[in-house]
Amino acid sequence: MAKISLHTLEVGIDPGSLYTRLQVDAQQLSEPSLAAADFITGNIVAVGTEASILLKGSAERLRAVRPFVDGRVAEPEAARLLMERLLGKVQRGRVTRPAVCLAVPRELSAVEKRAWLDTTRHAGASATILLDRGAAAVIGAGLEPFRPQAMLGVDLGVGMTAALLACGGYVRTLYAADGGRAVTRSLQAYLREQTGLDVAPAVLNALQRDVLSTFGGEERSLPVTGRNLADGTTAELQIRAAQLQPLAQAQAERIAHRLVRLLRKAPAEIPADLWREGIILSGGGSLLHGLAESLQELLGVRVKRVQEPFGTVALGAARALQKKREYRYLFEGTDEEQGRSDR
């Protein structure tokens, strides 16, 4: 007979545009943020890893659906089913439903925030609170946001989220939907101009992961196959990391410009705090080779990349839920939406 537990799980969730990560206790799960829908009926037939497998083998019958886009719920049914799948993996044997902390941009409208709360409630959560992704990155990195010194967390995924924190609350926040997407577009345009190749999205993703990232040595390279723009034939070229470094510098300048605008609206003492504390970088975009160093030079403050760039936001959301009384000023939503868990 299966053991039944009355313990309520406290779950942190990072619903990214490409992957959704769930943190509970010391365990982290990850599934593609993906659903497969029937071409004719439009019904969702699979989500997550199962959807990814089905789409590879039945592309003529199914279409890909992204549940989350630009930090928002794009397809409510697909989003609910994906959340339900992930929560079901950790909920087995428990009578009580889990409490959830979702890491999403604070800049969303009230309607968009309500869509997130509704999604997790319908997926089986007993209570849901929302936390800014930048704040989650700070907490996941092991820093305490209620200290008087200001700290800045920047999460670079498909979008860019930044949260300037001090004394347990927000000083300023920022969200831009084109973070990692801007790198992909720049890379595609560069290859078209410099090599005359039109490259598929999967190849662009491989270049970003294997050549532009901080992993590996300086002489990293990758064979790239694409369609020759001149005659439509297929061609292959060897792309080296050194050829793509201008893209990293351009991305650093774009991010630095946005952060400067954020800091200009903050109190005068904030830059001095950041000079001591540094800026925390998380997300896949933080792995762009030379990005942290370029930002440090452009902004004149220390920039620190977290050890687990892909898992830090979910970890921060879980830790914040465990300390919901201390971090209450960082959460979004009403007492009713939070299940009155603080009372």
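At 30% relative accessibility, Lys 323 counts as partly exposed. In this predicted model, the side chain of Lys 323 meets that of Glu 144 in a salt bridge, with 3.0 Å from N to O. Glu 144 is found in the loop between helix H4 (133–140) and strand E11 (151–156), and Lys 323 in the loop between helix H10 (312–322) and E19, so this pair ties together parts that are 179 residues apart in sequence. Glu 144 likewise counts as partly exposed, at 24% relative accessibility. Elsewhere, salt bridges that share partners join Glu 31, Glu 50, Arg 85 and Lys 89 into one network.

The count of salt bridges comes to 17. One of them is formed by Arg 106 and Glu 332, whose closest N and O atoms are 3.0 Å apart. Arg 106 belongs to the loop between strand E9 (99–103) and helix H3 (110–123), while Glu 332 belongs to strand E19 (residues 331–332); the pair therefore ties together parts that are 226 residues apart in sequence. The two partners fall into separate accessibility classes: Arg 106 is partly exposed at 30% relative accessibility, whereas Glu 332 is buried, with a relative accessible area of 16%. The latter assignment follows because buried means under 20% relative accessible area.

Another salt bridge lies within a helix. The side chains of Arg 121 and Asp 118 meet at 3.3 Å, N to O. Both residues are in helix H3, and because they are 3 residues apart, about one helical turn separates them. Arg 121 is partly exposed, with a relative accessible area of 44%, and Asp 118 is also classed as partly exposed, at 22% relative accessibility.

The discussion now turns to helix packing. Two packed helices are described by the angle between their axes and the distance between the axes. For helix H5 (residues 179–195) and helix H7 (residues 241–264), the axes come within 10 Å and cross at roughly 145°. This crossing of H5 and H7 is right-handed. On the side of H5, the contact is made by Gly 179, Ala 182, Val 183, Ser 186, Leu 187 and Tyr 190; H7 contributes Gln 243, Leu 244, Leu 247, Gln 251 and Arg 254. By residue class, the contact of H5 with H7 divides into 6 nonpolar, 4 polar and 1 charged.

Strand pairing provides the next part of the picture. An open sheet is formed by 5 strands in the order E13-E12-E11-E17-E18, with mixed pairing. At its edges stand strand E13 (169–176) and strand E18 (303–305); each has a single partner strand, so one side of each is left without a neighbour in the sheet. Neighbouring strands of this sheet are turned by 20° against each other on average, direction ignored.

An antiparallel arrangement is found in strand E15 (residues 221–228) and strand E16 (residues 234–240), which 7 bridges join. Here the bridge partner of Thr 225 is Glu 236 in E16. E15 and E16 make a hairpin with 5 residues between the strands, and in this hairpin Gly 232 takes a positive phi near 80°.

Positive phi values also occur at residues other than glycine. Asp 25 is not a glycine, yet has a positive phi of about 55°. The residue is placed in the loop between strand E2 (19–24) and strand E3 (27–32). With a relative accessible area of 53%, Asp 25 is exposed, because the exposed class covers values over 50%. Asp 70 is a further non-glycine residue with a positive phi, again of about 55°. Its place is in the loop between strand E7 (68–69) and strand E8 (72–73), and at 21% relative accessibility Asp 70 counts as partly exposed.

How values were computed
Residues numbered from 1 in each chain as written. Predicted model: local features only at pLDDT ≥ 70, side-chain atom pairs only at ≥ 80, totals over all residues. Heavy atoms only, no water. Axes fitted to C-alpha atoms, helices over the stretch in contact; angles between N-to-C directions. Helix = DSSP H or I, 4+ residues; strand = E, 2+ residues; numbered from the N terminus. Left-handed = near helix turned anticlockwise from the far one by under 90°. Contact = heavy atoms within 4.5 Å. Nonpolar A, V, L, I, M, F, W, Y, C, P; charged D, E, K, R; others polar. Salt bridge = Lys/Arg side-chain N within 4 Å of Asp/Glu carboxyl O. Buried < 20%, exposed > 50% of the residue type's maximum accessible area, 1.4 Å probe, protein only. Pairing = 2+ DSSP bridges.
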